[in-house]
Each structure stands twice: as structure tokens, then as C-alpha cells.
Amino acid sequence: MSERDLLMIPGPVEFDPEVMRALGTKTASHVAPEFISIFGRALKKVREVCLAPSAQPFVVAGSGTLAMELAVANLVEPGERALVVNTGYFSDRMALLLERYGAEVVQEKCAPGEVPEVAAVERVLASGRFKVMTVTHVDTSTGVLAPVEALVKAAGRHGVLSVVDGVCATAGETFHQEAWGADVYLTASQKAIGVPPGLALLTVSQKAMNAWRSRKTPVRSLYADFGEWLPIMEAYEAGRAAYFATPPVNLVYALEVSLGQILREGMEARFARHRRMAQAFRAGWRALGLKTLPVNEAVTANTLSALYYPEGVDVAMLGRAREQGVVLAGGLHPQLKTRYFRVGHMNVVGPGDVLATVGAVERALAAAGHKAQPGAGVAAAQTELLAAR
Ligand SMILES: *Cc1c(COP(=O)(O)O)cnc(C)c1O
């Protein structure tokens, strides 16, 4: 891969040079005063990015899967009931984790590209005794955006804790954790948060922290136990060092820089930019005759596009796009894997990336024999960019 290639996959994504420079600075001791203040500031910013002023933030070395495991390991005890609103690959993983920690799992499923009806989910919630409901904010395998606000509020009405997997959404899709009453918002560094892979991030409501405090059984994982991490997070935020396991010092430097950039842009402006870029991408895809996997615009994510290969085109197209300087991703949903491809568009994504990517897809499709008016995709995307305020 050339350094000038564009990495347009659903994580890792293109990162800002200032973030990359922070990653390359000299590693301080994890108990040095300068690191303590950087980590403390990063924790405060995680809260601001998730719009969760009274939540408890956790930043732990690991990937998004660890963030999922932290939520499950701490909130669920063996024999408790969990409802998984299942939209694809990562909801399957959540169900697997819940089962591994002894939960009795009920799933509300749907066809790939769709989302379960909120009313149907609410009926299941009302049928009783669930401890948690999980939902994937943006399903990375299908490009589907779930109606999280309505789902989280439904869980709240039934006294059920809500866990939202925001790994492909946080800091890209509109989300107001506290206003909506979501109990856990979890994510990883390498997607819209804009930091290379390696950090699991969570914001946990006080209600969920109290549910953890009133557990009857110990958390079955040591590394994932809030009991080990809470004193560490509290100490760093209060300007003191504490040790459980060595924090990834340089990733925390990079996180603090990236979260600062995100907050300077402003959360609403950032959500709106992701929406505008996604609309321009969608206009480009339509003009190229590409069909999206999500069944309608209301359930289509703004952080990635999942697109069926047109007739006569297959995975070899991704190699051709790469030759054109743009790296795309293949399919992930087990039922459809070979029939579609994915384009990530989060974090620093701007108009130039939209045009370069739509252009590369257009040339890759042309090379594969797909017929379209030359420039049609780029023109449609550009028209949309010009129309956006
Ligand atoms: C990427 C992703 C994950 C997994 O994150 P890893 O960092 O690969 O462990 C989980 N959930 C969603 C929605 C994702 O997009």
C-alpha cells in the first residue's frame, strides 16, 4: 500500500497526521505527571463525545470486542436474561459473548439489510424479566443503522439496561447517550474515533454502575472486571496515578489529540458532516446503478456503504479499486459475503475523499465491464456536495 492510497474501509480508517504524530512521541512513564494529566483529560473528553456527562468512562487496551466483553462480563450474571436486537455479524458476536457469560439469550432477528421493528422488540421486552438489551448502532456487516433512540427508550420503559455497540458509529452517527437514557455506549479507537486500533472505550451510566455494584456473583474475567478498572479511571481523572495493568501510553496520547479535534469540530457538526458525505456517496452509488444492502434510506448508515456487486462483477473489483489508489472492504455477513462490498466513510472523511472514492469505484467497475456513463457517479456526488449547505 502506498502512503498516498486512501483507506476507505469500515476500520481502521484514515487518521489525522497530528494524531499519528502523537503516537510517535517519546513514551513517558505511565505514572509521570504529564501522562496523568493527558489520560485524565482524555477520560473527560470521552464523556463529552458520548454526550454522557454523568457516565463513568473506561479506556482499556484492547479492541472493540474487548469493549463488548467489558459490558457483558460486568452487567450480566449467569442465568439472567438478555435480549439481542440482531442486525448482523456483530450482534451474533454479542449473543455469543452473552452465552459465554451464562446469560439466557433471546434474539430478535431480521433479514440482512433490515432492522427489527421497534414494536416487536417492545413486545419481547414486555414479556419479561430481561436484565439487558443489546443493539448494534451501525451494523458493520450490512451498513444498517438501527433506530437506537427508540430502542433504548423502549428498554428504559421496561426497566431493562441498554447496551449500544457503537464501534462503527460513535463520533460519526447522532447519539445522545444521556438524553436518550442509554446505559452503555461502547466503541473502539480505530473507527470514527480516529485513533489506530488498540483501545476499547465505554461510557457507563450510573444506573448500570449500580447494577454492577449489586451483583451477587464475581465478574468471571479479571482483565474485564470494572472492579479492577474503576479505581484506575477515577485516579487518573482525579490527577493521580494508579496501577492495575500498564495503560497503552502512546495510544492514550493519540486519543487525547483525536478527541480534542472531535470536540473542536463539535458533535452536531461532526454528525452532520458524516451525514452530508454519506448522502454524496449514496448519490454517486445510485448514478452508477449500485444497489445498497440496507433496504431503505432510513436504515442506511452514514459511516459506511454496503453495496451489491452489479451483474457480472465480483470481488476482483476490489483489487482493481486498489490499483486505482483506494482500498475497499469485502462482504462480512455470512449469508451474503461474496455478493457485496463495503466502503467506510468516517472520521476525517471529506469531499475530496468522496470524489476520489466514487471515481475509483467507477473506474474499477468500468474495467470489469460494468456499463455506466463516464463520470456519472462523480458528477452525482459532486452535485450533492454542491447542494449541501
Ligand atoms: C469493528 C466492530 C466491532 C469489533 O471491533 P474489533 O476492534 O475488531 O474487536 C464490534 N462491533 C462493531 C459494530 C464493529 O463495527
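**Entry 1: the whole chain**

I started by noting that this is a predicted model. I then looked up the secondary structure and found 14 helices and 14 strands in the chain.

Next I wanted the overall dimensions. Along the principal axes, the C-alpha atoms fill a box of roughly 65 × 55 × 35 Å. I also checked the radius of gyration: the chain has 21 Å, and this agrees with a compact globule, because 389 residues in that form would have a value near 21 Å.

How much of the chain is buried? I found that buried residues make up 60% of the 389.

Then I turned to charge. I noted 39 positive and 37 negative side chains, with the centres of the two sets 0 Å apart.

**Entry 2: helix α3**

I picked helix α3, which covers residues 64-75. From first C-alpha to last it reaches 17 Å, close to the 16 Å expected for its 12 residues.

Is α3 enclosed or open? I counted it as largely enclosed by the rest of the structure, because 10 of its 12 residues are buried. Among them are G64, L66, A67, M68 and L70, and the list runs on through A71, V72, A73, N74 and L75.

**Entry 3: helix α13**

I moved on to helix α13, residues 351-367. Its end C-alpha atoms are 24 Å apart, which agrees with the 24 Å that 17 residues should span at 1.5 Å a residue.

Which residues of α13 are buried? I listed D353, V354, T357, V358, G359, A360, V361, E362, A364 and L365. I kept a reminder beside that list: an α-helix has 3.6 residues a turn, so residues three or four places apart point the same way.

After α13 comes G369, and its phi is positive, near 90°.

**Entry 4: a serine in a strand**

I looked up S162 and found it in strand β8, residues 161-165. S162 counts as buried because its relative accessibility is 1%, and the cut-off is under 20%. Leaving out residues up to four places away in sequence, S162 touches M133, V152, A155, G181, A182, D183 and V184.

Where does a cis peptide bond turn up? I found one joining G11 and P12, with omega about -5°. P12 sits in the loop between β1 and α1 (17-23).

I also marked A171, a residue other than glycine whose phi is positive, near 75°. A171 is in the loop between β8 and α7 (177-180), and it counts as buried at 3% relative accessibility.

N347 went on the page as well, with a positive phi near 70°. I placed N347 in the loop between β14 and α13, and its relative accessible area of 4% makes it buried.

Technical notes: Residues numbered from 1 in each chain as written. Predicted model: local features only at pLDDT ≥ 70, side-chain atom pairs only at ≥ 80, totals over all residues. Heavy atoms only, no water. Helix = DSSP H or I, 4+ residues; strand = E, 2+ residues; numbered from the N terminus. Rg over C-alpha atoms; globule rule 2.2 N^0.38 Å. Buried < 20%, exposed > 50% of the residue type's maximum accessible area, 1.4 Å probe, protein only. Lys, Arg positive; Asp, Glu negative; His and termini not counted. Charge placed at Lys NZ, Arg CZ, Asp CG, Glu CD. Expected span 1.5 Å × (residues − 1). Contact = heavy atoms within 4.5 Å.
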